[in-house]
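Here's a walk through one model, taken a piece at a time. Have the viewer open and follow along.

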Amino acid sequence: GLNSYNRIICFGKKEITKEEMLHLKNGKSEIKKFLEKNKIENVNIYVFEDEVVENLKDSFKQILKDKKNITILTGDRMSSSIEVSKMLDIYQNAYHIEKTDDINNYKKIFDTLLINGKILNELIEKKSSIISEIIKTKNKIIIYRATPKTKEIYIEYIKYIDNDNEVLMIGDGSNDIAAIMKSDIGISVIGESKQVQNVSDMIIDKWTKIPMILENFKNKNNVA
């Protein structure tokens with residue numbers, strides 16, 4: 001549908017020896033080599049349809065109208081992050097930083113920053129003045145492949161580069177705990193992790209309540 005996107009998970013099988021299994025435990029690179037050399041029997045394909053919270057698009061529009069900043073921090077791959085951002089109408093004229101050298105092609109005329117979480121970490125560690133300028137001046141930022149550490153570093157960073165920044169962070173998993181703890185207001189959605197609820201300032205039972213929450217906290221400069 002117009003407010004959803006798909007995730008696809010494929011399952012396969014192949015009989016292997018105990019020695020092969022132990023060898024594969026060495027890491028992802030070994031698994032990749034094994035898959036390239038061996039034919040795997042397809043077992044099943046599952047397609048999951050994820051939906052965007054109703055009215056969230058309107059809430060984001062109002063936040064941007066009020067001169068506030070929105071950041072999507074996600075562990076998802078780039079393509080999924082873009083699809084969600086398009087549905088929320090915050091992906092326009094994007095400047096994409098996929099590798100460190102991309103910062104050298106910086107152009108000031110763009111609306112949305114799309115950046116790989118690992119590269120963001122590297123640029124922050126290098127104290128890049130350009131990434132600092134972008135984050136200070138752009139109000140739509142999408143960070144994909146963001147690890148829990150990336151989320152934590154980003155929340156710390158936006159508060160560091162501007163002492164007036166107040167951050168509202170919303171999450172539902174254990175990978176959001178550190179970032180929620182660094183934010184001024186941390187909100188968790190009841191889901192996979194009770195730990196994140198323990199460190200949150202507020203807990204809501206449904207993602208559909210986020211538009212209402214955003215309205216109540218619209219005085220915060222940044223929403224992540």
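## Strands 3 and 6

Thr71 has Ile141 in strand 6 as its bridge partner. That contact belongs to a parallel pairing of strand 3 with strand 6, which runs over four bridges. Keep in mind as you look around that this is a predicted model.

Strand 3 covers residues 69–73, and five of its five residues are buried, so the strand is largely enclosed by the rest of the structure. Which way do the side chains of strand 3 point? Asn69, Thr71 and Leu73 go one way, while Ile70 and Ile72 go the other, and all of them are buried.

## Strand 5 and its partners

Next up is strand 5, residues 112–116. Here too, five of the five residues are buried, so strand 5 is largely enclosed by the rest of the structure. Thr112, Leu114 and Asn116 point one way and Leu113 and Ile115 the other way, with all of them buried.

Strand 5 has parallel partners in strand 4 and strand 6. With strand 4, the pairing is parallel over four bridges, and Tyr95 stands opposite Leu113 there. With strand 6 (residues 140–144), strand 5 also runs parallel, joined by four bridges. In that pairing, Ile115 has Ile143 as its bridge partner.

How many aromatic pairs does the model have? The count comes to one. The rings of Tyr95 and Phe110 have centres 5.0 Å apart and planes at 45°, so the pair is classed as tilted. That angle falls between the cut-offs, since planes under 30 degrees apart would count as stacked and those over 60 as edge-to-face.

Tyr95 belongs to strand 4 (residues 94–97) and Phe110 to the loop between strand 4 and strand 5, so the pair ties together parts that are 15 residues apart in sequence. Both Tyr95 and Phe110 are buried. Phe110 has another contact worth a look: the charged end of Lys138 sits over its ring, 4.6 Å from the centre.

## Two residues with positive phi

Most residues other than glycine have a negative phi. Asn93 isn't a glycine, yet its phi is positive, at about 45°. You'll find Asn93 in the loop between helix 4 (78–87) and strand 4. Its relative accessibility is 43%, so Asn93 counts as partly exposed.

Arg145 is another non-glycine residue with a positive phi, near 55°. This one is in the loop between strand 6 and helix 7. Is Arg145 buried, partly exposed or exposed? With 45% relative accessibility, Arg145 counts as partly exposed.

Asn104 is in the loop between strand 4 and strand 5. At 60% relative accessibility, Asn104 counts as exposed, because the cut-off for that is over 50%.

Ile134, in helix 6, is buried, with a relative accessible area of 0%. Between the C-alpha atoms of Ile134 and Lys107 there are 9.9 Å, and the two residues are 27 apart along the chain.

## The second largest pocket

Finally, the second largest pocket, with a volume of about 180 Å³. Its lining is made up of Ile124, Glu125, Lys127, Ser128, Ser129, Ser132, Glu156, Tyr157, Tyr160 and Ile161. Helix 5 (117–125), helix 6 (129–137) and helix 7 (148–160) are the elements that give two or more residues to this lining.

Which element gives the most to the lining of the second largest pocket? That's helix 7, with three residues. By residue type, the lining divides into four nonpolar, three polar and three charged.

Note on methods:
Residues numbered from 1 in each chain as written. Predicted model: local features only at pLDDT ≥ 70, side-chain atom pairs only at ≥ 80, totals over all residues. Heavy atoms only, no water. 1 Å grid on protein atoms, 1.4 Å probe; cavity = no way out; pocket = protein on both sides within 12 Å on 5 of 7 lines; lining within 4 Å. Points joined across faces, edges and corners; volume = space filled by probe spheres on them. Nonpolar A, V, L, I, M, F, W, Y, C, P; charged D, E, K, R; others polar. Phe/Tyr/Trp six-rings, centres within 6.5 Å; stacked < 30°, edge-to-face > 60°. Buried < 20%, exposed > 50% of the residue type's maximum accessible area, 1.4 Å probe, protein only. Lys NZ or Arg CZ within 6 Å of the ring centre and 35° of its normal. Pairing = 2+ DSSP bridges.
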